[in-house]
Every structure is written in C-alpha cells, then in structure tokens.
Amino acid sequence: MLIQLNQKQTKLQNELQEYFESIITPELKKELSQPEHFEGGGPEFKKAMRTMGSDGWIGLSWKKEFGGKELSPIEQYIFVETVMRTGFPFPFLTTESVGPMIAEHGSAWAKEEIATKILKGEIIFGIGYSEPNSGTDLASLQTKAVKQGDGYLINGQKMWTSLANFSDYIWLATRTDFEAKNHKGISMFIVPTDDPGFSMSPINTLGDVRTNATFYDNIHVPESHLVGELNQGWSLITSQLNLERLALVNHGPVEELYKDVLITAQSTKINNDQCLSDLSWVKHNFAQVHTGIEALKLICWKQTWIMESDQLNMAEASVAKVYGSEFFIEAYRLMMEIMGELSILKNDSELKILNARLERMYRTASILTFGGGTNEVQRDIIAMAGLLMPRTR
Amino acid sequence: MDFSELSHQTEIRDSLDKILSEHCSQERLKEYDSDFKHDESLLSLLSSNGFLGLGLNEKYGGSGEDLYDLGILFERLGYHAAPLSLSGCLADVAQTIQKFSKVESCNKILGSIIAGEIYTSAILEPSNQDPENPITEAKIENNQVVITGTKYLSEIASIAKSILISASSIEGVLLVLVDTDQVKLTELTSTANTPLFKVELDSVKVGVESIIHEKGRGLEALKYLIQLNMVMRSYIALGVTEKMTSLIAGYTSEREQFGRVIGTFQAVSHRAADCFIELECLRLVNQQASINLNTNLDCENEALISKIWAGNACHKISYSAQHLHGGMGVDKDYVLWRYCLLAKECELINGSASQNIDRLGINITTNQ
C-alpha cells in the first residue's frame with residue numbers, strides 16, 4: 001500500500017502549476033470575471049483551450065491514436081485538479097467523461113473528427129439528458145430518434161443543458177425503441193448545435209451560472225453520429241456518469257479555497273494583538289474543513305487508482321459523489337462563518353485574495369447534490385452494491 | 001499510488017478472522033461480560049501463530065516493521081469484540097521501544113512480548129488534558145529515577161510484567177519502564193468492562209537504565225507513542241464500526257414490517273448508506289496515518305484526523321445501529337450491545353473528536 005503521489009507525479013503537479021500561470025493571462029482573467037463568461041465560452045477562453053490542446057495537456061491518459069499520452073488516470077486526475085485550482089472553468093465533462101466514451105464507442109467518423117478535436121481543445125460538448133418530465137428517473141426520457149434514410153430524425157426537448165450556448169455538439173440521450181422497457185430503448189447521439197433545427201432558451205440560476213432548455217426540431221443526423229450500439233445507450237450513460245461523478249468532487253478547488261481563507265484569516269487583524277485565526281472557534285472551523293478535505297482527497301485518489309485497473313466500483317463512485325457534494329456545502333458554510341459578514345460581499349476590495357469566491361461558491365454548490373445523479377439514488381446504490389441490501393422502492 | 005493490500009496482509013486478515021470467530025462466539029464473550037476480560041488462551045494462540053510480532057522487525061522475531069499489519073490485528077480484534085486489550089502492550093510499549101530503545105532492550109523485551117508476556121503503558125492522568133505534559137514527576141538521583149504521580153486507564157495492568165510510565169523531570173519528559181509490583185493498582189470499572197487500572201506511584205525508585213530512550217528524546221518518544229495509540233485505537237474503531245454496519249445490513253434485510261423487508265424503506269437504507277460512507281472515510285484516513293507513521297515518527301495531524309473520524313464514526317454508527325435494530329439493538333441476547341460499549345470507549349480514550357479538532361485547529365493556524 002502506498003498512499004502518496006510519486007516523484008514524477010509531484011513533478012507533473014509543479015510543472016502544471018507553472019504552465020497554468022503562463023496560460024491564465026490578465027486578459028483571460030478579466031474575461032472570466034464577467035458573469036456571462038463564468039463558465040467559459042469567450043474568445044480568451046477558447047484561445048486558452050486550444051493552447052492547452054496543442055501543448056498536449058488535454059487527455060494525458062488518452063490513447064496515442066487520439067493524440068493522448070497514455071499516462072495513468074492518476075496523472076489525468078492531477079491535471080484536472082491543478083487546472084481547477086486556478087479557477088479556470090475547464091470543460092471537464094467534455095474531456096473527462098463524454099470524450100472517453102466517444103473515443104471508446106464512437107464511429108470511425110466520431111473517433112477521427114470528434115475525439116481528436118476534443119484533445120486539441122477545439123470542441124466542447126453540452127450534455128442532453130434531463131427533460132421536463134425526466135430528471136431522477138432519467139430512463140423515462142421521451143426525446144426520440146427515428147430511423148430515416150441513412151440516418152436518424154431527432155425531435156424533443158432537454159432541460160439543464162449547460163454550456164449549450166457555446167457548445168459545438170450535444171451528447172444527446174434519445175429513445176429509439178418505444179416498445180422495450182425504459183432502460184433498453186435508449187441510444188446516444190452526437191448532435192451539432194449549428195443545425196437549423198436546434199434552438200435554446202436560457203435559464204438563469206442562483207449561482208449566476210447560465211444553463212439552458214434546448215429544443216430539437218426535426219434534426220437529421222447520419223448513422224455515424226450514433227455512439228455505441230442502437231438501444232444500448234443506457235450503459236454509456238451510466239459509465240459517463242461514473243466518470244462525471246469523480247470529476248465533480250475533485251478535491252483541488254475546495255483545498256485551494258481553504259488555503260486562501262487560512263492565509264487571509266492569519267493576516268486579518270481583529271484588534272491590536274490578535275488575528276482572526278487566533279480565535280478558537282475559527283480554529284475549529286478550519287480543523288473541520290481540513291479533516292473533511294483529507295477524506296475527500298483519499299476517496300478521490302482511491303477512485304482514480306481503481307480506474308487504473310478498470311474496475312470502477314459502483315458503491316465507491318457513489319460514496320465519492322455523496323460525500324464530496326455534501327462536504328462542499330458544509331465546507332463553504334464553515335469558511336463563510338470564518339470570514340463572517342465580509343463573505344457576503346460581492347465586491348470585496350478589502351479581501352483581494354478571496355476575490356468574492358466564497359460568495360459565489362455557496363450559491364453554486366447546491367447543484368452538486370442532485371446534479372450528476374441525485375444523492376438519494378446514490379445512497380440507494382450504496383445500500384445495494386456496498387451493503388448488499390435489497391432494492392428500495 | 002496503490003491502495004491494495006499485499007498478499008501477506010490479506011492472509012493475516014483471513015487467518016485472524018478464522019481464529020477470532022472461533023474464539024469470540026456469543027457464548028464465550030458472555031463469560032467475560034462480568035469476569036476479568038482477558039482471554040489467556042486466545043492470547044497464547046495469537047502468540048503461537050506469530051500475530052504478536054506484527055509490526056516488529058524480523059531481527060527481534062517479528063514479521064516486519066509495517067504498522068499497517070499491526071493495524072489489521074487491532075481492526076480484527078475490534079470486529080470480533082475480542083476479550084483482549086493489547087494496545088498498551090503491542091502499540092505503546094513494543095513499538096516505542098522498537099523505535100527509541102537500544103538493541104539490547106529490544107531483543108529482551110520485544111522477544112518476550114512476541115512470546116505472549118504482557119507489558120502495558122500508563123500515560124493518561126486524571127484531569128490532565130495534555131498527555132504530552134505529564135503531571136507525574138520524576139527526579140534523577142544517584143543513577144536512580146524516583147517517580148511520583150497518579151495515572152489511570154492503564155490496560156490490563158494487573159497482569160503486566162512492567163508498565164511504561166511517562167513523567168516530567170528537569171531533563172524533560174521521560175518514559176520509564178517500572179515493574180508492576182512497585183506500584184499501587186486499583187481496578188476501575190468501565191463501560192465496556194475493559195480491565196482498566198489506576199496506577200499510583202509514591203517515590204518509586206528504578207535504575208536509570210529503565211528509561212527506554214536516549215537522553216533528550218523523551219518528548220519525541222512520548223509524542224510518537226500518543227500518535228500511534230490514536231491510530232491503533234482508530235483501527236479498533238474501524239473493526240467495531242464495520243461489524244455494526246454489517247449487522248445493520250443483515251438485520252434490515254431480513255426484518256419485515258408492513259409486509260416488506262424494512263431495508264427496502266429509503267429512510268432505513270439511506271441511514272445504512274451513511275454508515276457505509278463514514279466507514280469508508282475512516283478506513284482511508286487510518287491507512288494514510290499508519291503508512292505515514294511507518295516512515296515519519298511525527299505525524300500528529302494525520303493521527304488527529306484519524307482519531308477525529310474514529311470518534312465521529314463510533315458515535316454515529318453506534319446510534320444508527322441501535323436505532324435501526326429497534327429493541328433488538330439493546331437486547332443483551334443479541335450481539336450488537338457489546339459493540340456499542342466498545343464504540344464509546346474507542347471514541348473517548350486518548351482524545352475525543354472535539355478535543356482533537358481543537359488541537360488540529362491550533363496546528364493548522366500556526367502552520368504546524
């Protein structure tokens with residue numbers, strides 16, 4: 001048993017840190033500070049993605065045929081961790097979860113045209129799963145794809161299609177067999193957002209993050225846009241979600257915030273001879289956050305290590321999702337308490353180091369407990385797969 | 001990065017489970033509910049199978065200096081609620097001596113521990129929240145150490161050959177091995193019926209050669225002992241809470257109400273799932289702490305984190321287990337109740353979660 005990064009991995013971490021310092025230019029920072037670009041999509045963002053792609057950093061663990069470096073999932077995790085620490089809105093759902101699915105199950109066209117371009121930082125995906133009447137019960141989805149000529153005709157509506165406003169494609173779940181049981185009639189398609197049948201309307205959220213309702217009106221896609229076998233899409237969805245769940249709870253950003261809040265508290269004078277970090281309740285809050293981060297880090301490392309041997313365990317993936325998402329909410333609260341009323345200020349010129357991050361983070365944190373598969377379903381999975389208990393109903 | 005157990009570690013786990021499940025049946029455990037809780041025959045079985053040498057170097061007759069191996073032993077003792085209290089002997093005394101004593105004392109003492117002789121420690125003191133600063137005093141006079149003070153919660157001290165005592169002196173902290181017949185012992189009755197003793201020393205005199213460490217390294221040795229004890233206690237907690245969680249899963253998968261198995265109610269299965277999550281976190285922080293202590297003698301923060309998770313997991317899982325079992329959980333004819341008592345003991349001895357959060361917070365904010 002060895003629970004630490006090896007020398008090479010620590011070196012990679014340092015190398016990446018330096019690299020991102022050069023990528024995150026003042027122009028990019030400025031762009032990302034505007035609410036409409038919180039999630040990326042602006043010209044500076046696109047430029048940075050392409051630079052990372054051409055420098056070979058996206059897809060460290062991908063196969064060489066796609067332009068990857070065939071390093072282990074640990075190196076891949078380190079990459080995502082380091083980029084997320086910088087606050088850059090890296091589109092990890094595209095690179096970490098949809099991308100690997102297309103690289104493995106896509107048609108010759110998809111492998112050549114889509115997978116390689118994801119690695120070059122040229123393509124971004126939105127995910128089309130939820131619908132107005134299909135959320136947690138995703139397998140009840142009704143968006144349909146019907147065989148027509150040499151391809152499929154797609155009609156329907158999706159909800160919460162984040163990034164659709166600047167995505168090139170949607171990773172779309174459709175019903176292709178209306179007779180079969182729910183899970184058995186689903187197929188996955190790559191749908192271009194520049195098709196005239198594609199439209200959207202924005203949904204503005206609590207966290208100032210834009211998401212979208214997306215509409216699919218008689219969109220015709222060729223056979224090559226089908227990913228995996230017809231009617232076998234459910235297993236792609238669940239595999240994608242397992243990868244997504246790990247990426248969602250990466251311990252990098254919360255640890256970075258913790259370090260910054262700690263430095264701030266150690267230098268914030270509350271009177272002539274005391275700093276904020278001298279107060280005992282402040283120390284307790286820090287200790288609680290630290291204790292939680294350590295467990296999160298180990299859970300993520302273990303998950304990543306399991307992926308190396310290709311045996312992603314359902315119960316453990318759900319443990320990571322539930323623990324991580326609920327811990328984030330608790331951690332943001334404990335850290336906001338430390339900064340007190342200062343942490344509700346959106347323009348904290350007094351506290352430059354935090355750059356109003358606490359104020360934003362708590363508003364975006366809540367989506368993780370239900371996004372990527374609601375925690376109730378994750379707990380069902382843990383009870384069944386981890387404790388061998390009967391299926392709940 | 002490698003989270004897998006080595007093959008010899010899986011073997012240790014399997015053979016321990018075989019021995020312990022035979023020796024810790026309900027009937028046998030019942031015998032120790034009111035009796036002195038120490039199963040001598042089990043101890044000699046563990047000794048003859050080499051399990052008392054886990055974590056000790058081969059040159060002393062042990063099976064190798066890996067604290068994770070020793071962690072497995074404590075975890076399985078906890079899982080089976082074994083009537084043996086060995087953290088004072090195998091963790092505190094054996095490991096501290098291995099790391100800090102001269103080869104001759106290692107040869108002598110570690111060999112006899114592996115053979116089944118009992119040693120123990122007496123570190124904690126009534127109303128002293130900081131065991132790194134013992135109230136017990138030691139004076140060095142004419143090549144003799146004279147110790148005065150009161151210790152408590154010393155495990156199975158009445159059957160120990162010697163007791164490792166921590167004391168403050170003008171030369172700093174000392175760890176001294178004192179023969180048991182030189183101290184006054186009073187048995188304390190405790191929640192899990194673990195044999196714990198008050199140890200009183202009234203100007204006890206021993207030779208300076210009974211100080212187990214080199215001059216000036218007493219505090220370092222004591223810190224190591226305390227941290228290791230936290231981690232090994234957390235391994236006992238891991239076994240105890242793992243057993244309770246499996247009891248929850250088993251019972252709620254069979255018990256029927258309203259015409260269905262109660263485990264099919266989300267309110268029930270989700271509380272069980274939360275126990276599983278807690279357990280997984282505890283397992284991981286324990287692994288990290290024990291591995292780090294292998295190569296670094298001071299891992300205070302990792303040890304504190306381990307014990308914080310242990311304290312919280314013991315509390316939460318114990319009450320979830322009792323609640324989900326209904327009346328069965330408190331029925332002394334069923335297995336759960338002993339684990340609930342052990343859980344409280346693991347939670348509180350050598351630093352509660354709140355106390356350790358306090359300590360960790362001080363370390364973090366002062367960049368230690």
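## Basis of the description

The model is predicted, and local features are reported at pLDDT of at least 70, side-chain atom pairs at pLDDT 80 or more, while totals for chains, interfaces and linings use all residues. Residues are numbered from 1 along each chain as its sequence is written, and chains are lettered from A and ligands numbered from 1 in the order in which they are written.

## The two chains as a whole

Chain A has 13 helices and 10 strands, where helices (H or I, at least four residues) and strands (E, at least two) are DSSP runs numbered from the N terminus. The radius of gyration of chain A is 22 Å, close to the 21 Å that the globule rule gives for 393 residues, so chain A is as compact as a globular protein of that length; this radius is taken over C-alpha atoms, and the rule is 2.2 Å times the number of residues to the power 0.38. The C-alpha atoms of chain A fill a box of roughly 80 × 50 × 40 Å along the principal axes. Of the 393 residues of chain A, 45% count as buried, a residue being buried if 20 or more other C-beta atoms lie within 10 Å of its own, exposed if 12 or fewer, and partly exposed in between, with C-beta atoms placed from the backbone. Among the contacts in chain A with a separation of 6 or more, 69% come from residues 24 or more positions apart, a contact meaning that the C-beta atoms of two residues, placed from the backbone, lie within 7 Å.

Chain B has 11 helices and 9 strands. Its radius of gyration is 21 Å, in agreement with the value near 21 Å for a compact globule of 368 residues, and along the principal axes the C-alpha trace of chain B spans about 80 × 50 × 40 Å. Buried residues make up 54% of the 368 residues in chain B, and 75% of the contacts in chain B between residues at least 6 apart in sequence join residues at least 24 apart.

## Where the chains meet

The contact between the chains takes 37 residues from chain A and 37 residues from chain B. On the side of chain A that touches chain B, the elements that give two or more residues are α8, α9, α10 and α13 (375–386) of chain A, and the largest share, 14 residues, comes from α9(A). The residues of this side of chain A divide into 21 nonpolar, 8 polar and 8 charged, with Ala, Val, Leu, Ile, Met, Phe, Trp, Tyr, Cys and Pro counted as nonpolar, Asp, Glu, Lys and Arg as charged, and the others, Gly among them, as polar.

Helix α8(A), residues 252–267, has 16 residues and reaches 23 Å from its first C-alpha to its last, close to the 22 Å expected at 1.5 Å a residue, the expected span being 1.5 Å times one less than the number of residues. In α8(A), the residues A:Val254, A:Leu257, A:Tyr258, A:Val261, A:Leu262, A:Thr264 and A:Ala265 are buried. They cover an arc of only 165° around the axis, which puts them on the same side of α8(A); the arc is that of the directions from the helix axis to the C-beta atoms. On the other side of α8(A), A:Lys259 and A:Ser267 are exposed. The cover over the buried residues of α8(A) includes α9, α10 and α11 (357–365) of chain A, together with α11 (353–365) of chain B.

A:Gly292 lies in helix α9 of chain A and is buried, with 25 other C-beta atoms within 10 Å. Not counting residues up to four places away in sequence, A:Gly292 touches A:Phe327, A:Glu330 and A:Ala331. Helix α10(A), residues 314–339, has 26 residues and reaches 38 Å from its first C-alpha to its last, close to the 38 Å expected, and is followed by A:Gly340, whose phi is positive, near 60°.

## Strand pairs and a loop residue

In chain A, β2 (residues 144–148) and β3 (residues 151–158) pair in the antiparallel sense over 5 bridges, pairing meaning that DSSP finds at least two bridges between two strands. The bridge partner of A:Val146 in β3(A) is A:Leu153, and A:Gly149, in the hairpin of these strands, takes a positive phi near 60°.

In chain B, β6 (residues 184–188) and β7 (residues 196–207) pair in the antiparallel sense over 5 bridges, with B:Glu187 opposite B:Phe197 in β7(B). Strand β6(B) is hardly covered, as the count of buried residues among its 5 residues is 0. B:Glu171 lies in the loop between β4 (162–169) and β5 (172–179) of chain B, and counts as partly exposed with 13 C-beta neighbours inside 10 Å.
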